[in-house]
Amino acid sequence: MAKFRYFALKKSDAPPSALKAVHSEFLRTGRISRRREDWLAEERRYLTHEEVAARTGRKLEAAGETAHERINTFHRSIRFPKLIFHRTLENQPHLGYCHVTSARTSFARFADVKWAFYLTNFFADIGGTEQFFERIRPDFSRMYFAVAIQPDRDSHTMAIDRSVRDNGVLFRTRDPKEALKNVLMLGARDVELRKIIAAL
């Protein structure tokens with residue numbers, strides 16, 4: 001895959017032509033000048049992948065903070081810990097995902113399922129193989145999803161629990177309202193509260 005090149009747009013100062021008395025020029029000639037003598041293409045400053053990844057990370061974590069705040073303001077009996085961190089994709093640092101929170105729940109025939117909630121700035125199919133994101137489509141703005149997780153004894157980290165479903169995905173959506181509803185359903189402790197959330 002070809003590497004992307006990124007450049008920063010330079011914020012230019014007010015052009016010298018803007019300092020002219022435009023109103024007197026209009027009164028003198030009766031025309032508005034559309035010419036700009038300073039309309040020269042400026043030299044682009046290319047960004048490193050690290051700079052792009054840092055910018056992407058700030059945006060993803062800001063979105064994660066907003067999502068966590070909205071989830072925790074729904075009902076006082078549903079509270080989630082704030083566990084916000086991000087990762088960017090290798091060779092595509094303008095794309096990434098943000099971990100928002102994690103908790104545990106029981107649903108259907110599964111008891112005590114640990115899960116994590118994420119958001120991304122792209123849409124993709126979630127695979128059951130080593131490559132988690134497949135067929136990435138950056139033209140869609142965001143994707144929200146939750147996966148079942150379990151501790152991995154070998155690496156001492158959390159891994160996807162594929163025993164819950166084939167790929168461990170509990171839900172995946174583009175709609176932020178549907179994502180909020182699904183997270184609240186996972187976090188609801190009793191049947192009555194789940195009925196209220198389901199009616200939203």
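The questions and answers below concern a predicted model.

User: How many helices and strands does the chain have?

Analyst: The model is predicted. Read along the sequence, its elements follow the pattern β-α-β-α-β-β-β-β-β-β-β-β-α-α. In total, the chain has 4 helices and 10 strands.

User: What percentage of the residues of the chain count as buried?

Analyst: The accessible surface of the chain comes to about 14000 Å², and 52% of that surface belongs to carbon and sulfur atoms. Among contacts between residues at least 6 apart in sequence, 50% join residues at least 24 apart. Of the 200 residues of the chain, the share that counts as buried is 34%.

User: Why is strand 8 described as largely enclosed by the rest of the structure?

Analyst: Strand 8 covers residues 143-152. A residue counts as buried under 20% relative accessible area. Strand 8 is largely enclosed because, of its 10 residues, the number buried is 7.

User: Which strand is joined to strand 8 by 7 bridges?

Analyst: Strand 8 is joined to strand 10 (residues 169-173) by 4 bridges, and to strand 9 (residues 157-160) by 4 bridges. In each of these pairings the strands run antiparallel. The pairing with 7 bridges is also antiparallel, and it involves residues 110-120, which form strand 5.

User: Which residue of strand 8 is the bridge partner of L119?

Analyst: Individual bridges show how strand 8 lines up with other strands. V147 stands opposite V169 in strand 10, and I149 has I160 in strand 9 as its bridge partner. For L119, the bridge partner in strand 8 is Y144.

User: Which residue in the turn between strand 8 and strand 9 has a positive phi?

Analyst: Strand 8 and strand 9 form a hairpin, with 4 residues between them. The positive phi in the turn is about 60°, and the residue that has it is H156.

User: Is D152 buried, partly exposed or exposed?

Analyst: D152 is found in strand 8. Not counting residues up to four places away in sequence, D152 touches T157 and A159. Buried requires a relative accessible area under 20% and exposed one over 50%. Because its relative accessibility is 27%, D152 counts as partly exposed.

User: Within what arc do the buried residues of helix 3 fall?

Analyst: In helix 3, the buried residues are A179, V183, L184, L186 and G187. Seen down the axis of helix 3, these residues line one face of the helix, because they fall within an arc of 160°.

User: Which residue has a side-chain oxygen that reaches the backbone nitrogen of K177?

Analyst: Helix 3 spans residues 176-187 and reaches 16 Å from its first C-alpha to its last, close to the 16 Å expected. What covers its buried residues includes helix 2, strand 4, strand 5, strand 8, strand 10 and helix 4. At the start of helix 3, the backbone nitrogen of K177 lies within 3.2 Å of a side-chain oxygen of D175.

User: Which backbone oxygen does the side chain of H99 reach?

Analyst: H99 is found in strand 4 and is buried, with a relative accessible area of 6%. Not counting residues up to four places away in sequence, H99 touches L83, I84, F85, A116, F117 and Y118. At 2.6 Å, the side chain of H99 reaches the backbone oxygen of L83.

How values were computed
Residues numbered from 1 in each chain as written. Predicted model: local features only at pLDDT ≥ 70, side-chain atom pairs only at ≥ 80, totals over all residues. Heavy atoms only, no water. Helix = DSSP H or I, 4+ residues; strand = E, 2+ residues; numbered from the N terminus. Buried < 20%, exposed > 50% of the residue type's maximum accessible area, 1.4 Å probe, protein only. Contact = heavy atoms within 4.5 Å. Areas by Shrake-Rupley, 256 points an atom, 1.4 Å probe, with all protein chains shown as cover. Pairing = 2+ DSSP bridges. Expected span 1.5 Å × (residues − 1). Arc of directions from axis to C-beta. Polar contact = N/O pair within 3.5 Å; in protein donor to acceptor, adjacent residues only side chain to side chain.
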